[in-house]
Amino acid sequence: MRSRTRPIPKADVSAPLSVRLTVNGRPRTIAVEPRTTLLDALRDMLALSGTKKGCDRGECGACTVHIDGRRVLSCMTLAAMQEGRRITTIEGLEDGGRLHPVQAAFVEHDGFQCGFCTSGQIMSGVAMIEEAKAGWPSAATADVARSLTLADLSNAEIRERMSGNLCRCACYPNIVEAIAEAATGRR
Amino acid sequence: MHRFALSRAGDAAMAIAAHARDPALAFIAGGTDLLGLMKDRAALPERLLDINGLPDMARIEAVPDGGLRIGALARMSDVAADVEVRRRFPVIAEALLFAASGQLRNMASIGGNILQRTRCPYFRDGDDLPCNKRRAGSGCAALRGLNRNHAIFGWSEACVATHASDVAVAFAALDAHVIVRGRSGERSIPFGDFHRLPGDTPQRDTALERGELIVAVEVPAQEAGRASHYLKVRDRQSYEFALVSAAAALATDGRRIRSARLALGGVAHKPWRLTAAETALRGASLDDVEALKSAIATSFADARPLAGNGFKVELARRVSLRALQSAGARA
């Protein structure tokens, strides 16, 4: 069987690799060093600075983006491993000038203060609502064997599911309210 | 990060051969632990081999006899959301859901999760403090340093670190097997033999050899599955590693324990199975709290707390008890 393993380059190990991916609906090709994180590629090569670098260690959630619709930490992801993936950042959430309902709810509920964590909070919240719609349980779910619906998305569930996004201004109560309204219409 | 080369593996045999002949090559799947180690210079591979494209390794299969086979590339979130995992072994789903964050669970693979390296701050510290796990022979800064989060069982003078995985504790309690492929075929490692105690060689975490790839974790069918629970106690309510955690699974006749499985996290260099307690729990009533407590106590005779973590002994007993009682409530 012919191997599809690419030969390991001998000369310049960190020579840029060409990567094709779709970012906010647009096909893009970038040349990145293997060590470039998706976060750095988005900010420095594609000028999408809405995604923030907080801890750069997977601890704060500020760099949250979606890959193929799933929320991930772009600081702990290599750009060169994203060939063919569909990336969505905070810049790609609005629709023809209209805010995404989660963005609008953050404005309505004052879900931020300094704003540094906000794009990560919103990207995380948008995907988290989809996870709940798909019936995913969380650590706040009493019986994981039971199937779940959006109606089960209590404030305790929202807090648990959003725990990967830290806000040092501590706007948590308003963030929870914003997400609860966007997800369930509950105010 | 330092400079390295990156390539993509198309088939497992070639990936294994490349790993076997190249000590500076590391596999990468989710990357959530490896990239952190590389940023902290606690791992400096010269070549990364992306194994995410390997076929048939992300499946979660409910085996007809009642067991599970979880592909090594299955993501934590997919395993936790799997209906059969949740129904057959709630302890596995719970252990996964109590770990990391939603974002990290979408990224991290099961194979990588059980291979994650310790969170000991001396090991992770970029300033190269004494750590035998990081640099053999350099000493253990935690032994007489800040060791509140460290081991109370099975540690050595060379290393007092704990293993941070939650789901590994559930796998240990359930007698899972790690299915590993090497150049000469597959072997099945009982979960209790997969992680090592530190001894004189804390730089080695597991029984994996160079040139071996985890392909799956298999959980055998058993009567104690549904009545199971994972309890995790930590410094904050969510998104934190365990101070102490417990995985418990029970088979019962009414309120009487027929067999119990009990393992602790956050207390040793590997998931710590309470085998003496399991034997002592046979026949005990779930309603007899004193009997449960004294059965659990039989596994604490060899507890050796460090200067900073004496509280973990009592905490671990109580966490064990409550995990058993919660599992019992599902029986």
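Two residues are in contact if their C-beta atoms, placed from the backbone, lie within 7 Å. I adopted this criterion before opening the structure.

**Entry 1: the model.** I noted that this is a predicted model, in which local features need pLDDT of at least 70, side-chain atom pairs count only at pLDDT 80 or more, and totals for chains, interfaces and linings use all residues. Residues are numbered from 1 along each chain as its sequence is written, while chains are lettered from A and ligands numbered from 1 in the order in which they are written.

**Entry 2: chain A with chain B.** I looked up how many residues each chain gives to the contact, and found 39 from chain A and 37 from chain B. Helices (H or I, at least four residues) and strands (E, at least two) are DSSP runs, numbered from the N terminus. The largest share of this side, five residues, belongs to α6(B). I then sorted the residues of this side of chain B by class and recorded 17 nonpolar, ten polar and ten charged. Here Ala, Val, Leu, Ile, Met, Phe, Trp, Tyr, Cys and Pro count as nonpolar, Asp, Glu, Lys and Arg as charged, and the others, Gly among them, as polar.

**Entry 3: domains of chain A.** I found domain 1 at 17–92 and domain 2 at 101–184; such bounds come from an automatic or database domain assignment. Their C-alpha centres lie 22 Å apart. In chain A, 14 residues of domain 1 are in contact with twelve residues of domain 2. On the domain 1 side, β3 (64–67) and β4 (70–73) of chain A each supply at least two residues, and β3(A) gives the largest share, three residues. I counted five nonpolar, six polar and three charged residues on that side of domain 1.

**Entry 4: the sheet of chain A.** I traced an open sheet of five strands in the order β2-β1-β5-β3-β4, with mixed pairing; two strands pair if DSSP finds at least two bridges between them. Which strands are at the edges? They are β2 (26–32) and β4 of chain A, each pairing on one side only. The twist averages 40° from one strand to the next. Strand β1 (residues 17–23) of chain A runs antiparallel to β2(A) over seven bridges, and A:Val23 has A:Arg26 in β2(A) as its bridge partner.

**Entry 5: a helix on the sheet.** I saw that helix α3 (residues 118–133) of chain A packs on the sheet, touching β3 and β4 of chain A. Its direction makes about 40° with that of β3(A); axes are lines fitted to C-alpha atoms, for helices over the stretch in contact, and angles run from 0 to 180 degrees between N-to-C directions.
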